[in-house]
Protein chains: 2
Amino acid sequence: MKIVITGGGGFLGQRVAKELLRRGQVAGVNGSTPQPVNELVLVDIAQPPHALADPRVRYAIGDASDPRLIAEAFGDDTDGVFHLAAVVSSAAEADFDLGLRVNVDGTRALLEACRRLGRRPRFVFTSSVAVFGQPLPEIVTDATTPQPQNSYGIQKLIGELLVGDYTRKGFLDGRAVRLPTVSIRPGKPNAAASSFASGILREPLNGVEAVCPVESETELWLISPRLAVENLLHAFEVPSEKIGPVRSLSLPGITASVREMVAALERAAGAKTATRIRWQPDPKIKAIVQTWPARFDTARADALGFPRDEGGFDRIIADYLREEGVTI
Amino acid sequence: MKIVITGGGGFLGQRVAKELLRRGQVAGVNGSTPQPVNELVLVDIAQPPHALADPRVRYAIGDASDPRLIAEAFGDDTDGVFHLAAVVSSAAEADFDLGLRVNVDGTRALLEACRRLGRRPRFVFTSSVAVFGQPLPEIVTDATTPQPQNSYGIQKLIGELLVGDYTRKGFLDGRAVRLPTVSIRPGKPNAAASSFASGILREPLNGVEAVCPVESETELWLISPRLAVENLLHAFEVPSEKIGPVRSLSLPGITASVREMVAALERAAGAKTATRIRWQPDPKIKAIVQTWPARFDTARADALGFPRDEGGFDRIIADYLREEGVTI
């Protein structure tokens, strides 16, 4: 099986690739006999610093919305795609045209490339809780109307609609999954409005000061990196027929307030660690984050067997320390 | 005031233009003092057979998704746009690429042209009940999730999302209104799956045979041409602030089954007229029409003063006979 990962040089893309390589196989079409992972093509704007050294891995470096790069990456034998490349929330808000170009036109270019293969490849599209906006019910369900109020959410929802229609037309086998905010991301802050959700834990754990741009009462809908990867792979493997005609769904996550996250940080690393957080509200970030829902009933994903983080933020922090080799 | 109408040579476009000329003025920004209609630019693929002869009217003939034609039509002084041009439902289903090009790329080209004006023009986008799909509640409300299951509905919903975001960014002042099926359209059948909703009345009234591709129990959500035009003009005039952040809404209509429509036809023109309908189910058309809702609660539109057909289908048939000069 040949699988293409856009954003394959990024944090999630690298972890999805590693997990595919570790497992060595993925379920066949409609849950049939697992097939070996023979080739992974990782498409990204730049080679990552610690490129995966595995004979099954090839990097395709360039703009993921460039049809020539896509054609070269796909060849004529691609069986599946993880589309992770995106201009994230604050960046899409700051540069409207860039967001449209990458998040809408780039997704369309990929869908067209899949269609041209003529073999109905599987296509996992990473959408986001940002497709939801005010007004929202207390708990977002599978029936809640996505009514995004920021460019990123709108562009992701357009992607979902296209994935649904390309699937309905039989051009590909799409699955659009709405990722909760991933925390704790290792590495550096990025241009996502939710970047602080990792930074306020990661930076203090690494002995560095962090800025928290929202109030401590702010609640978030979160998923750990490990579960994000497990969910993306499950999205790829779940039989198409089980998903049914509606190809978008919200993934399971956990609800935590910033205060609860900081309390877990103190339990793991002591009260002094949390004093490295500087509380400095940022109206622009608050305006985006406040429109996102924090409480979900993910009945559809649960019924389809998507896994959920167990053990709350204490477990997530412990995982981060172990995986990143950080000692307190 | 200078107003551009795409699809301006079509049935609705011509009627919107005529009504604007008849009134001679439209409400200013945010419901302020009415302004005279100085110039109407009607953009369409071909000159209509009975072009409007009025010194205020100019035709711009060509592809409404061609940026050069749009730039020429807009100039630098356009105050408002009615975007009616579209590839309709069955046509968008039959030619996926054409639908995307006209309904998505064409709408985007217009939104970009509005943005470049730098004067925040008003933009009325004609969306459709086709944005809704199964599963649906008994009655569609303003809170119902649009979940389109045909390419036309998906492309219209993408248009709505873009209109919403361009409005939120302050690039223009958009209003996306979901038109019920318009009946009775004069003229010839078109490639809309709903074309029969006019044809089964119009053709028999004109002494011609018509085909009904759906069962007589099929219910539709309908609006007369006169009310469609009144609603589009109201959408243009309603103060922006009253609409609020959500720029899409469903317009008021009436619910009627095909059986009820045919009964009204018999009351108006005698039982013999209805024998000109040939009942010949078409699975393709049924598959599209059956996903559309027929019962709505349009509380938001009602509160914003959008008018509704009074007098049911008897009135609509009487209007058609008078307006088209048909004698039984």
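1. Helix axes are here lines fitted to C-alpha atoms over the stretch in contact, and angles run from 0 to 180 degrees between N-to-C directions. On that basis, in this predicted model, the axes of helix α4 (residues 96–117) and helix α5 (residues 151–168) of chain A come within 9 Å and cross at roughly 15°. Angles under 35 degrees count as roughly parallel, so α4(A) is roughly parallel to α5(A). The crossing of α4(A) past α5(A) is right-handed.

2. The residues that bring these two helices together can be listed. From α4(A), the contact is made by A:F96, A:G99, A:L100, A:N103, A:V104, A:T107, A:R108, A:L111 and A:R115. The partners from α5(A) are A:S151, A:Y152, A:Q155, A:K156, A:I158, A:G159, A:L162, A:V163 and A:Y166. Sorted by class, the contact of α4(A) with α5(A) comprises nine nonpolar, six polar and three charged residues.

3. The sheet of chain A deserves a separate point. Strands of a sheet pair through backbone hydrogen bonds, either parallel or antiparallel. In chain A, seven strands form an open sheet in the order β5-β4-β1-β6-β7-β8-β12, with parallel pairing. Its edges are β5 (57–61) and β12 (248–250) of chain A, each of which pairs on one side only. From one strand to the next, the twist averages 20°.

4. As to the arrangement of the chains, chain B can be laid on chain A with an RMSD of 0.0 Å by a turn of 180° and a shift of 0.0 Å along the axis. The two copies are therefore related as by a two-fold rotation axis. In chain B, the C-alpha nearest this axis belongs to B:T145 and lies 2.2 Å from it.

5. The interface itself places 16 residues of chain B in contact with 16 residues of chain A. On the side of chain B that touches chain A, the largest share, eight residues, comes from helix α5 (residues 151–168) of chain B. That side of chain B divides into eight nonpolar, five polar and three charged residues. Because 100% of the interface residues of chain B are also interface residues in chain A, the copies meet through the same surface.

Conventions
Residues numbered from 1 in each chain as written. Chains lettered and ligands numbered in written order. Predicted model: local features only at pLDDT ≥ 70, side-chain atom pairs only at ≥ 80, totals over all residues. Pairing = 2+ DSSP bridges. Helix = DSSP H or I, 4+ residues; strand = E, 2+ residues; numbered from the N terminus. Least-squares fit on C-alpha atoms with pLDDT ≥ 70 in both. Contact = placed C-beta atoms within 7 Å. Nonpolar A, V, L, I, M, F, W, Y, C, P; charged D, E, K, R; others polar. Parallel < 35°, antiparallel > 145°, perpendicular 65-115°, else oblique. Left-handed = near helix turned anticlockwise from the far one by under 90°.
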